[in-house]
Amino acid sequence: MMGLFILFVSCVVSILALVATYLAIVERDLLKAILYSAIQSTLFAFLYYILIAPDIVLVYIPVAIGLYPLLMVIVVKKSERFEKP
Amino acid sequence: MSLRHLIVIIATVVLIVTLSYAITMRALGPVPLFKVRRVSEFYLTNAFNPFNKTISAMTPEVVTSIIWDYRGLDTLFETAVFYLAIIATAMLYRGVIVRRKTQVGLSPIVKTATKIVVPSIIVIAIAVALHGHLTPGGGFQGGSIAAVTFALILVTFSLYTLNKIGACKEKLLALRSLGLLSLIATSIIVFVMGMLLGIRAFILQNQAKLVSIIGLPYKMYNFLISGSCFFFNVSEALAVSMAFGLLFIFISIFEEDVEEALKRREEVE
């Protein structure tokens, strides 16, 4: 029963993460794309937690949700916000 | 939506469901091989084993025991790779002086919220780093959590504020070097002690081994510190947080300042 629950949750989280990744690739506004990418990272952190890897979760949360979006935001600020079609 | 898109979507969903099934329900059969299972059995039994300290790391956290004791050399080289990148960045930005006194930042609401959040983030980072040998977490985790505070202050306030509260890049570089030096000191302390006492000892040694009778104490005033694991975690947290902070200061430096520094460098040459 517990296994089925974990299977269900990990399926839902993975599919949501896939949707977020797709939106991040398609989006032309790079700031929004960074936000979608951060959502995907959040979902991946959940996934690591479900699959019982707390050490990875603790390093994934600050790096992928705090540091990586900020790095990307600064890069966008120093270059261009909108991707040319 | 064309047929091609539909096929791609269905295929990816099926892939994800199958992979999730394989991982969670062990559809791949008994996942670890028999030999691998015996290795993990060894680690689980001996990570904290007070009855046989010669093969134990004396830390209840098995991941930390592997990272800093059993496979400590790997982690040291990983740290070296990370700091090579930081050193290269620091070299590119040498001689740059932060002068511009722009103090725009975000709205007062965001600033107040940041002032409340930053201390709690630092407390969590310190807790994660100090308890790295007892609970999930450790030096890198604690350090990167602490580094988020630099990022928050940079975005909500400004680079000038960060300089004003004392986090200038020279200071961060010095603290980072202090962290790295204490990493090196922890890894050779038993070896040096053995050399001074004339006893055989090894680099990166934690507890006493069968062939060398000295080692770091695993308890200090009734607190479990697991020998070198605690010191490794603390110094790694210091080094990582300062290195990330340095990186963020570097990338948010104004281009005019960098150009000035480049001009000065050319004049000297």
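**A walk through chains A and B**

Start at the N terminus of chain A and the elements run α-α-α. This is a predicted model, and chain A comes to three helices and zero strands in it. Along its principal axes, the C-alpha trace of chain A spans about 50 × 25 × 10 Å. Of the 85 residues in chain A, 25% are buried. If you look at the contacts in chain A with a separation of 6 or more, 55% of them come from residues 24 or more positions apart.

Now pick out two of those helices. Helix 2 (residues 30–50) and helix 3 (residues 54–78) of chain A pack with their axes 9 Å apart, at an angle of about 175 degrees. Anything over 145 degrees counts as roughly antiparallel, and therefore helix 2 and helix 3 of chain A are roughly antiparallel to each other. What meets what here? On the helix 2 side of chain A you'll find, among others, A:Leu30, A:Ile34, A:Phe44 and A:Tyr48, while helix 3 of chain A brings residues including A:Ile56, A:Tyr60, A:Pro69 and A:Val76. By class, this contact between helix 2 and helix 3 of chain A has 18 nonpolar and two polar residues, with no charged ones.

Next, the place where the two chains touch. Chain A puts 20 residues into the contact and chain B puts in 24. On the chain B side, helix 1 (3–24), helix 6 (139–156) and helix 9 (228–251) each supply at least two residues. Sorted by class, the side of chain B that touches chain A has 17 nonpolar and seven polar residues, and again no charged residues.

Finally, move to helix 4 (residues 72–92) of chain B. This helix has 21 residues and reaches 31 Å from its first C-alpha to its last, close to the 30 Å expected at 1.5 Å a residue. Which of its residues are buried? In helix 4 of chain B, they are B:Gly72, B:Thr75, B:Thr79 and B:Ile86. These residues sit on the same side of helix 4 of chain B, because they cover an arc of only 60 degrees around the axis. What covers the buried residues of helix 4 includes helix 3 (62–70), helix 8 (169–197) and helix 9 of chain B. Helix 9 of chain B is also one of the helices that supply residues to the side touching chain A.

How values were computed:
Residues numbered from 1 in each chain as written. Chains lettered and ligands numbered in written order. Predicted model: local features only at pLDDT ≥ 70, side-chain atom pairs only at ≥ 80, totals over all residues. Contact = placed C-beta atoms within 7 Å. Helix = DSSP H or I, 4+ residues; strand = E, 2+ residues; numbered from the N terminus. Nonpolar A, V, L, I, M, F, W, Y, C, P; charged D, E, K, R; others polar. Expected span 1.5 Å × (residues − 1). Buried ≥ 20, exposed ≤ 12 C-beta atoms within 10 Å, placed from the backbone. Arc of directions from axis to C-beta. Axes fitted to C-alpha atoms, helices over the stretch in contact; angles between N-to-C directions. Parallel < 35°, antiparallel > 145°, perpendicular 65-115°, else oblique.
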